[in-house]
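Please look through the sequence and the model below before reading on. The report that follows takes up charged side chains, a loop and the chain as a whole.

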Amino acid sequence: MSDTAPVDPPATVKCLVWDLDNTLWRGTLLEDEDVVLPDAVREVIVGLDARGILQSVCSRNSHDHAWARLRALGVADYFVVPEIGWGRKSDAVRRITEQLDFAPATIAFIDDQPAERAEVAHHLPEVRCYPAEDAVKLLGLPEFSPRSVTVDSRQRRTMYQAGFRRTDEQARHTGSHEDFLRSLEMVMSIGRATDDELTRVEELTLRTSQMNATGVHYPDEALRALLAHPGHEVLVTTLEDRFGPHGAVGVVLLEKHARAWHLRLLATSCRVVAFGVGTILLNWLADQAARAGVHLLADFRVTGRNRMMEIAYRFAGLDDRPCDCRGGVSGGSGGSGGSGEDVQLLHLVAGRRDAPTTVRLIAPDLTDPAPAGAGLPDRARRPGPVG
């Protein structure tokens with residue numbers, strides 16, 4: 001038995017901030033208009049983007065001049081919230097961190113000048129700093145290698161860029177919030193989870209806390225067991241609008257009984273709270289249950305962070321009143337990270353609900369049962385214990 005404690009892997013970098021002169025490209029732009037982007041660096045830019053790691057720029061240059069050169073080199077679109085100017089680089093990196101709403105420990109900075117790296121490290125000690133010669137090694141480093149790359153990871157930059165455009169539009173909008181939501185031309189799609197989406201579903205149950213009804217994490221194996229088990233639905237919700245995709249924003253785990261449907265988990269991304277995704281999902285589920293002639297039961301566990309979800313459940317009409325439909329249905333979770341002992345089983349006599357007015361909803365008919373394992377390839381469709 002070793003007396004050395006295992007070393008935890010480094011936290012994954014969420015954004016790499018590039019210096020330009022003699023780091024991203026060869027040469028100094030003010031001295032040479034024809035600075036060159038090495039093929040090996042281009043491969044790193046493209047590779048990090050494919051892994052869902054955002055990239056930005058922090059450079060002492062004229063913004064218009066440097067940005068024009070990035071466009072000419074065909075890589076400008078890979079960079080979000082660039083900071084190109086003449087101030088301290090630590091201030092620029094801090095602004096990038098704040099605009100992305102990332103923790104400094106998830107930011108990396110690469111620069112050819114030791115003094116610049118030292119200045120950033122002094123003012124932002126949690127930011128990881130790398131010399132320019134390490135650029136071609138980044139794809140092989142563990143901190144730049146996420147454990148998994150989800151469907152959403154591959155379009156993360158696109159989603160952030162769409163988000164910035166959306167925020168700018170909202171700041172200029174002079175009408176009501178509901179009018180603004182309608183102007184977005186949102187399309188919300190609910191579907192049975194596919195094999196490719198399971199990792200993102202697992203991630204949503206793990207990372208979502210404020211809008212998670214139980215705070216329970218469902219690992220991949222538990223989700224696969226549910227998918228393969230008759231009477232269970234694993235549903236994933238995606239959202240897009242005229243600015244671009246939001247990606248996967250919600251997950252529903254539903255167990256069907258003869259007299260009631262049991263909502264074991266509802267979790268939505270905090271990014272879409274203002275768009276009413278949780279309320280739309282609850283109303284749709286209530287409408288589906290009414291059409292099926294069953295009541296709706298829902299697990300809820302107070303976590304200290306999910307007060308907004310509790311309000312959404314209560315506002316939808318879920319309460320703790322007794323009902324015979326509760327027989328044979330017990331609150332609790334087949335996930336991990338919490339027992340069923342402190343889970344409330346809320347109740348709703350489902351009635352028909354109006355369609356949402358701010359989004360176009362595309363959703364399956366849950367009264368038409370899907371075959372077990374409908375979202376999985378044949379090799380994964382095998383029975384097993386739930387949870």
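Does Glu310 count as buried or exposed at its relative accessibility? Glu310 counts as buried because its relative accessibility is 17%, where buried means under 20% relative accessible area, exposed means over 50%, and partly exposed lies in between, with a 1.4 Å probe and protein chains only. The structure is a predicted model, in which local features need pLDDT of at least 70 and side-chain atom pairs count only at pLDDT 80 or more, while totals for chains, interfaces and linings use all residues. Residues are numbered from 1 along each chain as its sequence is written, and side-chain values use heavy atoms, with hydrogens and water left out.

**Salt bridges**

Glu310 forms a salt bridge with Arg307, that is, a side-chain nitrogen of Lys or Arg lies within 4 Å of a carboxyl oxygen of Asp or Glu. Both residues belong to helix α10 (residues 307-315), where they are three residues apart, about one turn of the helix; helices (H or I, at least four residues) and strands (E, at least two) are DSSP runs numbered from the N terminus.

| Salt bridge | Closest N and O atoms |
|---|---|
| Glu310 and Arg307 | 3.1 Å |
| Arg264 and Glu255 | 3.7 Å |
| Asp77 and Arg71 | 3.9 Å |

Arg264 and Glu255 are both buried, whereas Arg71 is exposed, with a relative accessible area of 52%. Elsewhere, a network of salt bridges links Arg88, Asp91, Arg94 and Glu119, and a search of the whole structure finds 23 salt bridges.

**The loop between β1 and α1**

Leu29 is found in the loop between β1 and α1, and Leu29 counts as buried because its relative accessibility is 1%. Apart from neighbours within four places in sequence, Leu29 is in contact with Asp21, Val35, Asn61, His65, Ala66 and Arg69, contact meaning heavy atoms within 4.5 Å. Ala66 is 37 residues from Leu29 along the chain, yet their C-alpha atoms are separated by 7.4 Å. Glu33 is also found in the loop between β1 (15-18) and α1 (39-50).

**The chain as a whole**

The protein chain has ten helices and twelve strands, and of its 387 residues 49% count as buried. Among contacts in the chain between residues at least 6 apart in sequence, 72% join residues at least 24 apart.
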